[in-house]
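Trainee: Could we go over the pockets in this one together? I'd like to take them one at a time.

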Amino acid sequence: MSRAEYIHDGPDGDGARAAARAGGSGSHGADSEGTRPERTLAALPPARGRGFARTWWGRAWLKALEDTALDGEQLRRGRKHAREGAVGAVCVRPGRITAVVRDRDRTPHRSDVLLREFGEAEWDRLLEVIADRSGHIAALLDRDMPPQLAEDAAAVGVELLPGIGDLEPECGCEAWDHCPHTAALCYQLGRLLDEDPFLLLLMRGRAERELLDELQARSVARAAGHVPRAVRDASPPAPEGVPAREAFAAPGPPPLPAPPPAVATPGRPPALAGGGTDPAGALDVAALEFLAADAAVRARRLLAEALAPGHATSPVPAAPTVWQDTVRLTAAAPPAPIAARLAAGCGRDRTDLARAVRAWEHGGAAALAVLEEEWTPDAETLARARVQLAAAWEEDERAPRLRATGNRWTVVGADLQVRYGRDGRWWPYRKERGRWWPAGPAAPDPAAALAAPGSDG
């Protein structure tokens, strides 16, 4: 989707524009014709597949809906409405989105979802956060929203993404909670947010052009050595300088070397030829060459991460355990003799190692944890999982019967299972030779997980 606004000229488009003109903003402030930013985006075609959002911020938007709604049946019907193309043109304004949503009998309903606008103080802090890192501005211009931006905003007290209870529904059907029409509007907006995160910022109160102009002004002020008055007044006075002649005459440390250039490809390991021996026996040349090649690949990745914007404030990952490193090395497909040595020294049987390697291939350390850890969700987590289970299958689909044990749901009468991870994702499993094996990568909902190729019946 381009940066241009879309106006839908079909029958639903007129309804959306009329609805937008008719509605006030309630506690979010009244609209005034021509004084409030507004974008109207054309109705999207019917959705294919199950997902309504592929970006992390689109999924966060839908999670706010699913955590807020009290009735999973209403969510399921809303997903079906959105999938069938029943949502007309979507009008996005500060504090509110509006669309006409039609039932199966074509009855139209004016539907709104309200989201609190930021105040001036919140916008000032958010703009400072974005202007502080050029990477944030570049990402937004590329229609991307890095997770670090949301984390930086939260650190100064600005919750950019909505949370539980933040999406307030209003619908002409007069339902008191999220009805199928407001749910469909939210699912549709998840697709739109994927393409343009500026829509979220518009709902929070700033149009794209206004926001970019403010960011440019702040960037120019920073480059000229100025800061906003609120920041300047709160800052201690700058220390007095010294004459340039005196500064240049003083001895100083040598200049820092230039940063290392990015490595295009991992280096080749040295040839470990020779017949050297040690007290334990002959030197395993092939094993050392494999470890050297693995170290080169990891060093290249670490260097790329170190040179990436925001690395200095990124959390330091935990050091891998001996077992995790064994699984990682085995998943790198070493020569057979080396794989045999890894299997012999890991303290697990070959089947355990093979299951762990398959999990690692599907999702690294997170997938390995799901394989080996069975845990009992707390009441809030369990309620969230049950909402996702209730909304996963459509009205005309036959949902499987599931038996729950801890964080694992097993399909009754089939060798299939989904496991709920601590990060809210679902992992598919299939029983093979009497044991549960990972069957695919994580999915945002249980139906998509069970539809993974490795878990087909």
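Trainee: How do the residues lining the second largest pocket divide into nonpolar, polar and charged?
Mentor: It's a predicted model: local features need pLDDT of at least 70, side-chain atom pairs need 80 or more, and totals for chains, interfaces and linings use all residues. Residues are numbered from 1 along each chain as its sequence is written, and side-chain values use heavy atoms, without hydrogens and water. Count Ala, Val, Leu, Ile, Met, Phe, Trp, Tyr, Cys and Pro as nonpolar, Asp, Glu, Lys and Arg as charged, and the others, Gly among them, as polar. That gives seven nonpolar, one polar and five charged.

Trainee: Which residues are closest to the centre of that second largest pocket?
Mentor: Its volume is about 390 Å³. Of the 13 lining residues, the closest are Arg298, Arg301, Pro317, Ala318 and Pro320.

Trainee: Now the largest pocket: which residues are closest to its centre?
Mentor: The largest pocket has a volume of about 620 Å³. Of its 26 lining residues, the closest are Arg59, Lys63, Gln388, Gly424 and Pro444.

Trainee: Which helix supplies the largest share of the largest pocket's lining?
Mentor: Helix 2 (56-68) and helix 16 (379-392) each supply at least two residues. The largest share, six residues, is from helix 2.

Trainee: And how many residues of the largest pocket's lining are charged?
Mentor: Set aside the 11 nonpolar and five polar residues. The charged ones number 10.

Notes. On a 1 Å grid over the protein atoms alone, a cavity is a set of points where a 1.4 Å probe fits but cannot get out, and a pocket is an open set with protein on both sides within 12 Å along at least five of seven lines; lining residues have an atom within 4 Å of a point. Grid points are joined across faces, edges and corners, and a volume is the space filled by probe spheres set on the points. Helices (H or I, at least four residues) and strands (E, at least two) are DSSP runs, numbered from the N terminus.
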